[in-house]
Amino acid sequence: MTYIVGLILFALAILISVSLHEAGHMSTAKAFGMKVTRYFVGFGPTLWSFKRGETEYGVKGIPLGGFVKITGMTPQDEDADDERAMWRYPVWKRTIVMSAGSVVHFMLAAVALFMVAIFSGLPNPALPRGQEVTAQPAVLDVQPCVVTALPLRDCAAGDPQSPATAAGLRNGDRITAVNGTAVSTWGQAVDQIRPLEAGKAATLTVVRDGTAQQVTVTPAAVERTMTDGSTKKVSAIGVGLTPTIPYTVRYSAGEAVGASADFAGVLAKGTFEAMKQFPQRIPNLFSAIAGEERDPNTPISVVGASRLGGEAVENGLWNVFWMLFITLNLFVGVFNLLPLLPLDGGHIAIAWFERIRSWVYARLRKPDPGRVDYFKLMPLTYTVILIFGAFTLLTVTADIVNPITIK
């Protein structure tokens with residue numbers, strides 16, 4: 001039940017974000033005097049509406065987004081002759097109106113990130129992003145056994161005693177060297193232990209109660225999953241990690257401003273990197289649909305994001321819930337500004353192309369070529385819509401048949 005509540009809450013958060021996106025377009029258009037005739041949440045049949053001034057506001061039956069109707073967005077629109085048509089306004093005003101939706105997403109992300117920094121905490125900058133575990137000092141949590149075959153599980157009767165226990169290692173010991181090779185982090189320790197020859201004694205240097213000492217341990221062969229998803233036999237000594245550096249840091253309201261701004265930069269960089277990797281991730285989506293293990297770095301749809309939101313609430317991981325919300329808003333905000341029709345960024349790009357072209361023709365003392373004919377761009381627009389639609393269908397299918405889960 002908690003999972004369903006979380007899923008609905010996240011889906012509702014997405015719907016609110018999209019509705020506010022459209023409200024951003026509407027409010028800026030009205031502020032500049034453009035004519036706005038409709039603002040609706042949802043699509044399909046109208047459930048409820050009212051009219052105030054020249055604008056009809058309402059709710060439709062399919063809660064999958066929203067829309068706003070601004071008169072005469074292009075010179076080819078049927079209402080383009082209206083004196084308050086959008087295309088008649090200066091390019092800078094049209095740019096503000098068309099970018100307002102993305103600005104709303106950035107504002108939502110910024111506010112949520114600020115609140116998370118105060119109440120939940122942001123990733124500790126002392127731990128490199130993506131290496132929150134491997135960058136920890138190798139302080140041990142000694143296990144009583146080793147699980148030699150996948151899947152990993154708790155110790156059970158019949159499991160062999162862990163080499164660490166047999167060697168006398170203790171909880172809190174910190175590994176500083178493996179067979180004489182110095183290590184300073186958990187990741188380095190694992191990288192040195194895994195290639196050891198199973199059944200052959202190895203020497204660990206550990207610090208216990210402030211004193212360095214050497215311990216002889218004989219690794220066991222175990223089956224483990226590699227970062228590429230494959231399985232492999234490696235050596236293990238039966239230890240886990242005891243984190244000594246906090247994974248997250250909470251900030252005061254004053255400190256949260258700078259901390260959230262810094263982390264927003266990290267997220268923005270990650271968003272651009274993820275978008276660049278989209279093409280190479282598509283084959284993995286087909287593989288996931290075919291039943292292969294899904295790469296957690298593959299793109300997800302709003303369905304997948306909502307499912308993860310539900311899992312986060314089910315497990316009490318509200319910080320994960322809000323980080324999903326923040327990441328999604330950043331992604332949508334950036335994606336919507338791509339210079340492609342029918343995205344807002346496409347309309348902005350055309351508006352500035354017209355402005356620059358007019359300026360160049362004026363300097364060349366040639367007649368102004370006028371506005372871009374959107375009808376000529378329709379084949380390209382439909383191609384983009386088809387590609388985005390196919391991609392959406394692909395991600396939704398993968399999120400239904402083989403979803404990414406919180407592990």
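1. In strand 7, the residue that Ala177 has as its bridge partner is Thr205, where strands, like helices, are DSSP runs numbered from the N terminus (a strand is E, at least two residues; a helix is H or I, at least four residues). Strand 5 (residues 174–178) and strand 7 (residues 202–208) run antiparallel and are joined by four bridges, and two strands are said to pair if DSSP finds at least two bridges between them.

2. The model is a predicted one, in which local features need pLDDT of at least 70 and side-chain atom pairs count only at pLDDT 80 or more, while totals for chains, interfaces and linings use all residues. Residues are numbered from 1 along each chain as its sequence is written, and side-chain values use heavy atoms, with hydrogens and water left out.

3. Four strands, in the order 6-5-7-8, form an open sheet with antiparallel pairing. Its edge strands, strand 6 (181–182) and strand 8 (211–217), each pair on one side only.

4. Ile406 lies in the segment after helix 10 (378–401) and counts as partly exposed because its relative accessibility is 29%; buried means under 20% relative accessible area, exposed over 50%, and partly exposed in between (1.4 Å probe, protein chains only).
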